[in-house]
Amino acid sequence: MRRTVLVALAALLAFGGKAACAENFPTHPITVIVPFAAGGPSDAMMRILAERMKTTLGETVLVENVTGAGGSLGVGRAVRSAPDGYTVGFGHLGTNVANGAIYKLGYDLVADLDPVVLLPSNPMIIVSKNAVPAKSLAELLAWLKARPTPATAGTAGAGSGSHIAGLYFENVTGIKLQYVPYRGTGPALNDLVAGQIDIIVDQTSNSINQVRGGNIRAYAVTDEKRVAQAPDIPTTDEAGLSGFHMTLWSGLWVPKGTPKEIIARLNDAAVDALNDPAVRRQLENLGLQMPAKDQLTPEALGAWQQAEIAKWWPMIKAANVKVE
Ligand code: MLT
């Protein structure tokens, strides 16, 4: 009898404790793990959002870059963190969809994480170093086809957005690429500007300023409509690669088992940031596209991730990507 009362009491205390934690969340800084290098597109977007999220949460939101293995190391760190809301994982089509079809992750992208919110998406852009003798996508494809050896394409590692975009590009053009992995497309872009690699199928938000500066050349964006902030760059349909469409969407996840109330607080803070006109201007100026209002619930991200897994895994598995 005494033992049962003690067990019940302990459970009550634990529940009480958890409820109290959720109620007072947050009481200290929150860390968002970005699985790619600082200065790249994922990092840039998350730092803009984190700055505004702290207003709603009343606590600092730190960004920690944990890089490697196409972002799977950073996501793994988030998966293994305490389900208390203080560690949040940034991810995208690459890390939270593609990597599940490429790596033996040691965690399950759906079963071990709870979705928080869908973040802006990024049309991809085909860019090259300025030394490439091509002024249009047709000329670029001819140059790539005529090369005796595959051109070098910068990526953020196997499974990353830039790698999946490269695989898709190979798929629709029949052109083989030699991938050069970096810890993010931030450092890859530096090497493209320096002429060390030939091309990147990059996120527009990463390359747009270097294109504007004339330091690299852009050929097309992989969206059905032109990017408002770069109206002179044609779409792949207009440039002769019809149907080659891809936008890289991102999101936030927390370790499985994080209390629903805490997920709701984090979701509120992210939605407030996305609705903030100054934040929207910063993100849209990079060519980022805001998610639809009805797509901003945790459930919407969960459903979207599952749909994207069904869509992309067949192509990725067929590419038979080799990782150590
Ligand atoms: C990055 O921030 O470096 C990117 O998200 C990498 C990628 O997935 O291509």
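Ile164, Leu167, Tyr168 and Asn171 of helix α5 are in contact (heavy atoms within 4.5 Å) with Trp312, Met315 and Ile316 of helix α10. The model is predicted, with local features needing pLDDT of at least 70 and side-chain atom pairs pLDDT 80 or more, while totals for chains, interfaces and linings use all residues. Residues are numbered from 1 along each chain as its sequence is written, and side-chain values use heavy atoms, leaving out hydrogens and water.

**Exercise 1.** Determine how α5 and α10 are oriented to each other.

*Solution.* Step 1: locate the helices, which are DSSP runs (H or I, at least four residues) numbered from the N terminus; α5 spans residues 161-173 and α10 residues 298-318. Step 2: take the angle, which is about 70°, with the axes 11 Å apart. Axes are lines fitted to C-alpha atoms over the stretch in contact, and angles run from 0 to 180 degrees between N-to-C directions. Step 3: angles of 65 to 115 degrees count as roughly perpendicular, and α5 and α10 are therefore roughly perpendicular to each other. Step 4: by class, their contact has 6 nonpolar, 1 polar and no charged residues. Here Ala, Val, Leu, Ile, Met, Phe, Trp, Tyr, Cys and Pro count as nonpolar, Asp, Glu, Lys and Arg as charged, and the others, Gly among them, as polar.

**Exercise 2.** Classify the aromatic pair of Tyr168 and Phe244 and state what it ties together.

*Solution.* Step 1: rings of Phe, Tyr and Trp (its six-membered ring) pair if their centres lie within 6.5 Å; the structure holds 6 such pairs. Step 2: Tyr168 and Phe244 lie 4.8 Å apart, centre to centre, with 65° between the planes. Step 3: planes over 60 degrees apart count as edge-to-face, and this pair is edge-to-face. Step 4: Tyr168 lies in α5 and Phe244 in the loop between β8 (216-221) and β9, so the pair ties together parts 76 residues apart in sequence; strands are DSSP runs (E, at least two residues).

Technical notes: Angles under 35 degrees count as roughly parallel, over 145 as roughly antiparallel, 65 to 115 as roughly perpendicular and the rest as oblique. Rings of Phe, Tyr and Trp (its six-membered ring) pair if their centres lie within 6.5 Å; planes under 30 degrees apart count as stacked, over 60 as edge-to-face and the rest as tilted.
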